[in-house]
Amino acid sequence: MAAPFENAFDEFAQLSEEASKYTSESAPQGVKEGGEVRAIHYREEEAIYIKASHDRVTVIFSTVFREETDRVFGKVFLQEFVDARRRAIQNAPQVLFKNEPPLELQGLPGLDRSGDGKVGYITFVLFPRHLTPQRREEVISHIQTFRDYFHYHIKASKAYIHSRMRRRTADFLQVLRRARPENEEKERKTASGRTFRVQG
């Protein structure tokens with residue numbers, strides 16, 4: 001599965017070398033636009049798209065959200081990626097999330113363009129600092145396992161919230177059991193075991 005990534009990284013190196021010969025205005029159209037979009041169809045409805053250009057490599061995941069709650073958790077999780085890059089980790093790749101296919105995928109057949117939110121597109125923009133030969137294998141390893149990592153955390157978050165809800169429900173039931181009124185007509189027993197009622 002790493003071969004398309006390696007090919008894209010090699011293509012990035014070639015395009016950046018070609019682009020260094022020109023100014024940004026005089027560069028040929030092929031250098032400006034970048035290479036072709038490679039698609040890895042790793043699941044029935046999901047794919048990874050990779051596009052190299054002279055200044056970056058763009059990796060786009062299409063992922064299917066089966067439930068509305070998965071969509072919400074996914075959006076929150078990806079927003080944390082965006083916020084973490086803004087706050088603390090300046091060297092992290094840029095992460096974008098959309099429900100419509102990004103511009104890099106315009107014209108590709110078989111994309112879900114309904115915009116109903118079932119399919120989300122997660123875009124990673126890898127800059128030259130991520131594409132050095134020393135970091136290449138590590139970047140490929142992390143990026144190709146992202147989808148599993150992402151869905152694992154969605155499921156783990158849902159499981160955690162469900163366990164908290166169950167614990168909270170058990171606490172409320174315990175409070176309700178303690179609040180039960182005592183039986184007002186209590187039978188009393190004598191020391192010998194006979195019962196009698198208190199007359200009022």
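Trainee: Where is the place of Ser-62?

Mentor: Ser-62 sits in strand S3; strands (E, at least two residues) and helices (H or I, at least four) are DSSP runs, numbered from the N terminus. This is a predicted model, where local features need pLDDT of at least 70, side-chain atom pairs count only at pLDDT 80 or more, and totals for chains, interfaces and linings use all residues. Residues are numbered from 1 along each chain as its sequence is written, and side-chain values use heavy atoms, leaving out hydrogens and water.

Trainee: Why is Ser-62 called buried?

Mentor: Buried means under 20% relative accessible area, exposed over 50%, and partly exposed in between (1.4 Å probe, protein chains only). Ser-62 has 3%, so Ser-62 counts as buried.

Trainee: What lies 2.9 Å from a polar atom of the side chain of Ser-62?

Mentor: That is the backbone nitrogen of Ala-47. Ala-47 is also among the residues in contact with Ser-62 (heavy atoms within 4.5 Å), as are Tyr-42 and Val-119, leaving aside neighbours within four places in sequence.

Trainee: And what makes Asp-70 buried?

Mentor: Its relative accessible area is 5%, so Asp-70 is buried too. Asp-70 belongs to helix H3 and touches Phe-65, Ile-154, Lys-155 and Lys-158, not counting residues up to four places away in sequence.

Trainee: Which residues have the most contacts inside the largest nonpolar core?

Mentor: Val-57 and Val-59, in a core of 25 residues. A nonpolar core is a set of buried Ala, Val, Leu, Ile, Met, Phe, Trp, Tyr and Cys residues joined through side-chain atoms within 4.5 Å. Helix H1 gives the largest share of this core, 4 residues.

Key. A polar contact is a pair of N or O atoms within 3.5 Å; within protein, one must be able to donate a hydrogen and the other to accept it, and residues adjacent in sequence count only if both atoms are side-chain atoms.
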